[in-house]
Amino acid sequence: MSADVRGTGGRPAPLPGRVRVGYGLGSLCTGTFATVPGLILLYYLTDVLAVPAAVAGLAVFLPKAWDVLVNPLVGALSDRSRLRGGPRRPFLLAGACTLPPLFALVFAAPPLRGAVAAAYVAVLFLLAATAYAVFQVPYVTMPAEMTEDPAERGRVLAWRVGFLGVAILLSGAAAPAIAHADGGGPAGYRLMGVAVAALLAVGMFGAWFTTRWAPAVARSRAEPSLRAQLAAARSNRPFLFLAGMWTLQALAVGVMLAGVQYFATYTLGSPAAVTPLFACLIGPLVLVMPLWRRLADRLGVKGAQWCASLLFLAGALVLALTPVAGPVTGYGAVVLIGVAYAGLQLLPLSMLADTLAADVLRTGRRRAATFTGLWTAAETLAFALGAGLFAAVLAASGFRSSDAEHRVAQPDSALTGIAAGMSLLPAVAAAASLWLLHRYHEDGGVPPGSGDAPAGGSAGPDAHDTHDAPAPAVPGQAAAQQEVRDGNAD
């Protein structure tokens, strides 16, 4: 990357527009890869490749759990890199060259069935997850290294958030539709894998190519290992309660994401119903996000988080009534969950920013990269465990796996398990998160008397807020909050 240039008045010059837009393109990768496997991979294994539910759950869980271990390693390698092209862009190129073909191969549907098919998918998905980490970890570090101007970073991240929303909605709606276009057979999944791989390639190569014009003004470093991150986190009890709360809520969302295709097929009676269900879940994000901001201004961020958590819990309980009350109840409950999910994406990151700002004041150290790395690791593990837990419910309830050509009737116990796994299991996780939310104290974030907490946010599993926070009364807090937003990983 080129050297930084100064604008008038000694302020950093604005980044070129092609850098802002091009960097945002990378979210076509992060949003898509965070959405599509969680949405359809478990179903692909059990209902196309005839993999037993318990084995399928391991095939989905283990590669994603690997992310928790490989992310700190990739971060450390990137920090120490002396490759031509800078410490970050060569990693972006390596990920762009490897992830799209690996993703297509995951859904290539070879002539394998059962445990052998599960091994094939698990190995390819593990390689794909590693390639994703090679791209994603340096990618989320770059805004803080492009400019020292918080407003300019905000403009960069605004493009990232915008492309993230596009990626989630487009991939989440289109991937199941393509996969089921020919009746849900292997050919449809092959086509879907190629189409999604093309979307990944556009975002990844676009981000790599356009950031060649980005200046380099700083180098950021995080703790080099997960063990070091955990050691740092133990000193911050408010962060532990907050991270624990979000981990349980991410687990609830992960279970729902893994179960939505089964819910559409076996509870609503149509595999194609997954597309409108997903739209009901994700569609409210953009529409109601400003309302959650206003509620946070009125009640405080923690008060608004209580409202979002309770609304999510209520929606999950209503969803359990779908087998009795009918599809309209199911769709309505998912809309309710989607409204709550918008708040759950927005508010915890605001609380995280405030908590880590207080950590700066207390310790005099800027550890945002370390804490947000740990936050991301917990979130990744929770989403992976969500798919594994739903697979365990399928196995325990007697679900019968099959391939696309030989559908089998499911016992009543399996149908009950699908409905309960999609609704009651997330409700239990959401209810447990309320205890941790109660234990989290606001004075662990914004100190008492320091003014209203600013509202940060996210448009999906990997986004940030890009709006400037209100000027806090405590010196140094604004910079710490901006550091958290800039350093937070997808």
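1. A crossing of two helices is left-handed if the near helix is turned anticlockwise from the far one by less than a right angle, and right-handed if clockwise. By that rule, H2 passes H9 in a right-handed crossing. Helices (H or I, at least four residues) and strands (E, at least two) are DSSP runs, numbered from the N terminus.

2. Some ground rules. This is a predicted model, in which local features need pLDDT of at least 70 and side-chain atom pairs count only at pLDDT 80 or more, while totals for chains, interfaces and linings use all residues. Residues are numbered from 1 along each chain as its sequence is written, and side-chain values use heavy atoms, with hydrogens and water left out.

3. The overall picture. The protein chain has 17 helices and 2 strands. Of its 490 residues, 59% are buried. Buried means under 20% relative accessible area, exposed over 50%, and partly exposed in between (1.4 Å probe, protein chains only). Take contacts between residues at least 6 apart in sequence: 83% of them join residues at least 24 apart. Contact here means heavy atoms within 4.5 Å.

4. H2 against H9. H2 covers residues 27-47 and H9 covers residues 237-267; their axes come within 7 Å and cross at roughly 50°. That makes H2 oblique to H9. Axes are lines fitted to C-alpha atoms, for helices over the stretch in contact, and angles run from 0 to 180 degrees between N-to-C directions. Angles under 35 degrees count as roughly parallel, over 145 as roughly antiparallel, 65 to 115 as roughly perpendicular and the rest as oblique.

5. Who meets whom there? The H2 side includes Ala34, Gly38, Leu42 and Asp47, and the H9 side includes Leu257, Gln261 and Tyr266. By class, this contact of H2 with H9 has 10 nonpolar, 5 polar and 1 charged residues. Ala, Val, Leu, Ile, Met, Phe, Trp, Tyr, Cys and Pro count as nonpolar, Asp, Glu, Lys and Arg as charged, and the others, Gly among them, as polar.

6. H2 against H7. These two helices pack at an angle of about 165°, with their axes 9 Å apart. H2 is therefore roughly antiparallel to H7. Their crossing is left-handed. Among the residues in contact are Cys29, Phe33 and Val36 of H2, and Met192, Leu199 and Gly203 of H7. The contact of H2 with H7 divides into 14 nonpolar, 2 polar and no charged residues.

7. H9 against H10. H10 spans residues 274-282, and its axis comes within 9 Å of that of H9, crossing at roughly 140°. H9 is therefore oblique to H10. The crossing is right-handed. Leu257, Val260, Gln261, Phe263 and Ala264 of H9 touch Val274, Leu277 and Phe278 of H10. This contact of H9 with H10 has 7 nonpolar, 1 polar and no charged residues.

8. Cysteines. The structure holds 0 disulfides (pairs of cysteine sulfur atoms within 2.5 Å). Cys29 is buried, at 0% relative accessible area. Cys280 is buried too, at 18%.

9. Two loop residues. Ala50 lies in the loop between H2 and H3 (53-80). Ala50 is not a glycine, yet has a positive phi of about 55°. Most residues other than glycine have a negative phi. Ala50 is partly exposed, at 24% relative accessibility. Gly183 sits in the loop between H6 (150-179) and H7 (186-210). Gly183 is exposed, at 57% relative accessibility. Its C-alpha atom is 9.6 Å from that of Glu405, 222 residues apart along the chain.
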